[in-house]
Amino acid sequence: MKSLLRLIRFPNLLMIAFAQVTVRFGLLEAMEVPVYLTPSRFALLVFATVLIAAAGYIINDIQDLEADRINKPNQVLIGKWISENKAFNAYLILNIIGVGLGFYLSYLEHQPKLTLLFVLTSALLYIYATSWKHIAVVGNVVVSLLVGLSILLVGIFDLMPFLSEAVQTAFMVILDIAVMAALLNWLREMVKDLQDLKGDHFIGSKTLPIVAGRERTQHLLAGLTILIIILLVWYLFRYLYANSWVVAHLLIGVVGPLGYFAFRIWKAKEKDYGFLSIVLKLTMIVGILAIFTLGLT
C-alpha cells in the first residue's frame, strides 16, 4: 500500500483536492455565490479529478522507467516494489473509475458534453507521458494547462449553469487562479526537466535543457519568473488594491518566493534544483491559501 501511495504521488493528489475544496468552500461559499453542485456531487468531481491524475502519474512512471533508473535510481518503484504489469493494471482501473465518475456526474447534471473534459484529460495525460513530455516546452505547457483545468472544473460545474453578474465575476476569479496555478506549475515542470537532464538525454528526449542547454534554460526560467512577478503585481494593484490583506498575503507568500527563485535559478547548480522545485511547490500552496483570505475579506 505504501508503494502504491508513492506511485500515485499521494501528497500531490491531496494538493489537487485541497485546491478544488478551497475554491468551493473558501471562495465561492464565503462570497455567498450560488453553487450548482450538491456537496455529494462536488465530492464526485473531486474524486474523478484525483483518480484521473493518479492514473496519469502511474503511466508517466511506466514510460519514464528507463530514465528514472538514471535520474533517481533509489526512488524507482516499478520493477522493484510493484511489477510493471500491476502498475499498468492500476493505471487502467483508476482511469476507468475516474472517467466513469466524470460521466456519471455529467449525466446527473444533465450536461453529458462535460464528460469530454474527463476523457480529454485522461487522453492528454497518456499522450503527454508517451510522447509530448519528450518535446521541448510542449509537454510542460500541456501538463500545466491540465493543472489549471483541475481548478477551473469547479467553476465549470458549479457556476456555469448560472448567468448572474456576480457568478460571472466569481468564474473570472477562478479562471485567474487557474492561470496562475498553470504558470507556477510550468516553472516547476521546467525545473524538473533540469533535474532529469541526464536520464532524458540517455533515452533521446528533446526537453528544453537538452535542446537549449542547462544554462540557457536557467536564464529563461529566471526571465519567465520575472515576467510572472510583473503580471501578478499588476493584477494585484489593478483588481485587488482595495483588499490589503490579500495583497499582503500574495506579495509576501508568492511574489517574495518567486523573486528568490528567479535570483537563485540564474546561477543554480545541479544540487540546487530539488530545493528550488520545493520552493515553487510551497509557493503554489501559499497561493492556494490566499483564496481563504480573498473569501473572508
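The protein carries 23 positive and 18 negative side chains, and the centres of these two sets are 7 Å apart. Lys and Arg are counted as positive, Asp and Glu as negative, while His and the chain ends are left out; each charge is placed at NZ of Lys, CZ of Arg, CG of Asp or CD of Glu. This is a predicted model, in which local features need pLDDT of at least 70 and side-chain atom pairs count only at pLDDT 80 or more, whereas totals for chains, interfaces and linings use all residues. Residues are numbered from 1 along each chain as its sequence is written, and side-chain values use heavy atoms, without hydrogens or water.

**Overall fold and size**

- The protein has 13 helices and 0 strands, where helices (H or I, at least four residues) and strands (E, at least two) are DSSP runs numbered from the N terminus.
- The radius of gyration is 19 Å, which agrees with the value near 19 Å for a compact globule because the chain has 297 residues; it is taken over C-alpha atoms, and the globule rule is 2.2 Å times the number of residues to the power 0.38.
- The C-alpha trace spans about 55 × 45 × 30 Å along its principal axes.
- Of the contacts between residues at least 6 apart in sequence, 74% join residues at least 24 apart; a contact means heavy atoms within 4.5 Å.

**Surface and core**

- Of the 297 residues, 50% count as buried, where buried means under 20% relative accessible area, exposed means over 50%, and partly exposed lies in between (1.4 Å probe, protein chains only).
- The largest nonpolar core has 92 residues, and Ile58, Phe157 and Ile265 have the most contacts inside it; such a core is a set of buried Ala, Val, Leu, Ile, Met, Phe, Trp, Tyr and Cys residues joined through side-chain atoms within 4.5 Å.
- In soluble globular proteins, nonpolar side chains tend to be buried together.

**Ile265 and Tyr273**

- Leaving out residues up to four places away in sequence, Ile265 touches Leu194, Gln218, Leu221, Ala222, Tyr273 and Leu276.
- Tyr273 belongs to helix H13 (residues 273–296) and counts as buried because its relative accessibility is 0%.
- Beyond its neighbours within four places in sequence, Tyr273 is in contact with Val191, Leu194, Gln195, Arg214, Gln218, Ile265 and Ala268.
- Tyr273 and Asp196 are 77 residues apart along the chain, with 9.9 Å between their C-alpha atoms.

- Tyr57 sits in helix H3 (residues 39–63) and is partly exposed, with a relative accessible area of 22%.
- Not counting residues up to four places away in sequence, the contacts of Tyr57 are Leu7, Ile8, Arg9, Asn12 and Leu13.
- Between Tyr57 and Met31, 26 residues apart along the chain, the C-alpha separation is 34 Å.
- Ile252 is part of helix H12 (residues 244–266) and counts as exposed at 67% relative accessibility.

**Loop residues with positive phi**

- Most residues other than glycine have a negative phi.
- His110 is not a glycine, yet has a positive phi of about 60°.
- The loop between helix H5 (84–108) and helix H6 (115–130) holds His110, which counts as exposed at 65% relative accessibility.
- Val137, also not a glycine, has a positive phi of about 70°.
- Val137 is in the loop between H6 and helix H7 (138–158) and counts as partly exposed at 30% relative accessibility.
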